[in-house]
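Hi there,

Here is the structure I promised to pass on. Have a look at it first, and then read my notes below.

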Amino acid sequence: MSDSRIPLAGVIGSPIAHSRSPRLQNYWLKRYGIQGHYIPMDVAREDLENVIRTLPKLGFVGVNITIPYKETVMGIVDQITDRATLIGAANTLIFRRDGKIHADNTDGYGFFENLRSNAPDWDPKAGPVVVLGAGGAARAVVASLNGAGVPEILLCNRTRARAERLKQDFGLRVTVVDWVQAGNIIENAELVVNTTSLGMTGKPEMRLPLDGLRKGMTVTDLVYSPLKTHLLQTAETAGCTVVDGLGMLLHQAVPGFERWFGVRPDVDDATRAAVMA
Ligand code: NAP
């Protein structure tokens with residue numbers, strides 16, 4: 001690619017109209033005065049590899065990957081970071097000048113940065129963390145909690161076998177607990193993380209008993225639509241520190257933007273407002 005080309009990036013998924021990434025990335029492009037564009041791309045599964053191999057020739061410097069292709073792209077790219085390999089999925093591709101496609105997963109990074117920014121008093125080493133859910137997002141969350149030295153991760157998923165598989169991949173610090181016991185283990189946690197889709201607009205509400213929530217705990221929800229889920233509302237009423245899922249979405253986008261466009265963007269109130277507008 002010649003250096004005079006305007007750099008292009010985007011997000012690939014199907015469907016893609018709901019994605020907030022174009023709004024976020026185009027906000028940063030404008031804010032930092034960078035000539036470039038970021039577009040949503042709805043790609044059919046049978047076209048995925050062809051599209052990904054063609055984009056660099058059109059001037060693309062990379063893309064984000066979202067549902068349902070985060071796992072599929074692992075079989076298409078040339079190089080995969082250790083953390084993406086561990087998680088088994090990628091959300092950020094970098095199209096290198098030597099023609100190689102490099103895949104990373106920044107969800108765990110985004111999760112952790114969101115907590116660091118919005119719950120600075122939470123100490124990862126202070127005690128157990130309850131993780132609700134064992135899907136793709138949970139794998140990124142557990143990887144980042146493991147990396148931060150959390151002493152015990154109590155993992156609770158409706159489908160127990162999926163939680164058991166996650167434990168096999170992530171090791172001894174993970175204890176699988178039955179979904180029906182979720183309400184009972186919450187009271188022992190320093191941090192509670194919802195990685196299920198429960199509480200998201202259009203999905204069932206979270207109906208777990210939440211009376212174990214108490215002052216001093218930190219509670220975070222990966223769901224960001226609505227911003228204040230039932231879990232976060234209940235936690236706030238109980239005096240917990242609450243952290244919504246929008247910050248994770250913003251922070252996970254930072255490494256990709258920096259690699260593609262050469263500027264490390266800020267995640268601040270103006271960024272939140274731009275994405276929520
Ligand atoms: P996924 O792989 O499909 O996993 C969905 C999870 O939700 C599974 O643990 C599933 O349990 C559980 N679940 C779904 N319906 C349920 C129900 N009725 N009762 C109990 N559990 C239920 O999805 P994902 O990629 O992990 O995403 C999960 C959520 O995180 C989504 O809401 C997504 O938008 C959000 N997310 C947010 C960010 C962010 O940046 N804030 C990033 C990634 C994901 P089973 O295994 O039993 O089906």
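**Around the ligand**

Of the 21 residues around the ligand, the ones that come nearest are Ala137, Asn157, Arg158, Thr159 and Arg162 (a residue is near a molecule if one of its heavy atoms lies within 4 Å of it). Before you go further, keep in mind that this is a predicted model, where local features need pLDDT of at least 70, side-chain atom pairs count only at pLDDT 80 or more, and totals for chains, interfaces and linings use all residues. Residues are numbered from 1 along each chain as its sequence is written, and side-chain values use heavy atoms, with hydrogens and water left out.

By class, the shell around the ligand has ten nonpolar, nine polar and two charged residues. Here Ala, Val, Leu, Ile, Met, Phe, Trp, Tyr, Cys and Pro count as nonpolar, Asp, Glu, Lys and Arg as charged, and the others, Gly among them, as polar.

Now for the polar contacts (pairs of N or O atoms within 3.5 Å; within protein, one must be able to donate a hydrogen and the other to accept it, and residues adjacent in sequence count only if both atoms are side-chain atoms). A polar side-chain atom of Asn157 sits 2.7 Å from an oxygen atom of the ligand. For Ala134, a backbone N or O atom is 3.0 Å from a ligand oxygen, and for Ser197 a polar backbone atom is 3.4 Å from one. Taken alone, the ligand exposes 930 Å², and the protein buries 79% of that (Shrake-Rupley method, 1.4 Å probe; for residues, only the protein chains shown count as cover).

Is Ser19 buried or exposed? Ser19 is buried, with a relative accessible area of 18% (buried means under 20%, exposed over 50%, partly exposed in between, with a 1.4 Å probe and protein chains only). You'll find Ser19 in the loop between β1 (8-13) and α1 (21-31); helices (H or I, at least four residues) and strands (E, at least two) are DSSP runs, numbered from the N terminus. A polar atom of the Ser19 side chain lies 3.1 Å from the backbone nitrogen of Ser21.

Ser4, in the segment before β1, counts as exposed at 68% relative accessibility.

**Helix α10**

Six of the eight residues of α10 (residues 254-261) are buried, so this helix is largely enclosed by the rest of the structure. The buried ones are Val254, Pro255, Gly256, Phe257, Trp260 and Phe261. After α10 comes Gly262, with a positive phi near 80°.

Cheers
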